[in-house]
Amino acid sequence: MKNPAVTTAHDVISVDQDGSVLHVQLNPSRRDDTLSIAVVDALTDLLDNLRPDVRVLVLSSRGEDFCTGADRGEYAAALAADPTGVTLRRIGDRAHRLCQALENTDAITIGRLHGGVLGAGLALAAHCDLRAGADTCRFRMPEVGVGLPPAWGGAMGRLISEAGVARIRELMLTSDPFDAATAHRLGILHKTAPLDQLDQVVERWTRPLLRRSREALVLTKRMLAGYARADRTADVALLDSHLLTSHLARMG
C-alpha cells in the first residue's frame, strides 16, 4: 500500500510526494513554459533540501510543452538594469548550480518529457538520470539560430557525454529541430511511448528502483557521474555565464 501523498503547490512548480517518489511539475499554472529565474531558484532550493526518504524524483510539466527554454526577456532586463553584466552572470551561475544539483542529488531522477523540449529545457532534461519522452516530442537547440552561444547550465558538456560530440555539434551549429525517434537514437531519450502511455513507462522504471538497495543506487549514480565527468576533462561549464553575458552585452 502506498503511503499518503504529500502535495505542495507553488507559483512556478508543484511538488507531490507519494511514499519515496517525488513528482515535481513545472508550470503548475499552465501559463508559461519557459524556464524563468523563479523556476531555477525553486528547483535548486528543492534539490538542496530534498528529504532523505525521497529515492526517486520524477520531473515533468503541466504545460503544453515540457519547457521551451530560458526566458530571454529576463536576460535583457537584467542587462538593462545592470550594464556591468554582474547580475546576468549570477543568473547564469544559478542555472549551472541547478544542473549540478540535479546531477548530484542522491535520488534517481527521471525526466518525463512531452511537447517541446527546447534550449535550456533540453539542458535541464539532459541532467536527469533517465529520460522518457512522448513519441510526439519536439527537440531543438535554438541558441545559435537566435545569435547566442549554447551556454546554459553546462548543457554542452552534458549533452556531448550523453549523445556524442559529432551529432551534438551538428544539432547545435544548425539549430535543426529533431523528433523523439532521433532523440532516442542519440541516447537523449532512453524510452519513447505514446503520450497516454508515458506514465506507465515511468512506473516501470520506478517500481524496481524502489526495491533496489539505496546505497547501491547512490554509489552507482556517483560512479557513473564520475566516469562521465572524466570524459569531459576540459569542461568549461563554469564559463557559461560569462560567455552568455559578454555576447548579450555586445548584441545590445
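Trainee: Is R112 buried or exposed?

Mentor: This is a predicted model, and in it R112 is buried, with a relative accessible area of 14%. The cut-off for buried is under 20%.

Trainee: Which residue forms a salt bridge with R112?

Mentor: The general idea comes before the case. Side chains of opposite charge can pair when their charged atoms come close. Here R112 pairs with D199, and the closest N and O atoms are 2.7 Å apart. That pair links distant parts of the chain: R112 sits in strand 5 (residues 108-113) and D199 in helix 8 (residues 198-211), 87 residues apart.

Trainee: How many salt bridges are there in the whole structure?

Mentor: A search finds 10. Another one of them joins R51 to D53, with the closest N and O atoms 3.0 Å apart. On accessibility, R51 is partly exposed at 44%, and D53 is also classed as partly exposed, at 29%.

Trainee: Back to helix 8, please. What separates E203 and R207 there?

Mentor: About one helical turn, because the two residues are 4 apart in helix 8. E203 and R207 form a salt bridge, their closest N and O atoms being 3.4 Å apart. E203 is partly exposed, with a relative accessible area of 43%, and R207 is partly exposed at 42%.

Trainee: What does the side chain of T206 reach?

Mentor: T206 is in helix 8 too, and its side chain reaches the backbone oxygen of V202 at 2.8 Å. T206 is buried, with a relative accessible area of 8%. Leaving aside residues up to four places away in sequence, T206 touches V21, V56 and I110.

Trainee: Now the cysteines. How many disulfides does the structure hold?

Mentor: The structure holds 0 disulfides. The cut-off to keep in mind is a pair of cysteine sulfur atoms within 2.5 Å.

Note on methods:
Residues are numbered from 1 along each chain as its sequence is written. This is a predicted model: local features need pLDDT of at least 70, side-chain atom pairs count only at pLDDT 80 or more; totals for chains, interfaces and linings use all residues. Side-chain values use heavy atoms; hydrogens and water are left out. A salt bridge is a side-chain nitrogen of Lys or Arg within 4 Å of a carboxyl oxygen of Asp or Glu. Buried means under 20% relative accessible area, exposed over 50%, partly exposed in between (1.4 Å probe, protein chains only). A polar contact is a pair of N or O atoms within 3.5 Å; within protein, one must be able to donate a hydrogen and the other to accept it, and residues adjacent in sequence count only if both atoms are side-chain atoms. Contact means heavy atoms within 4.5 Å.
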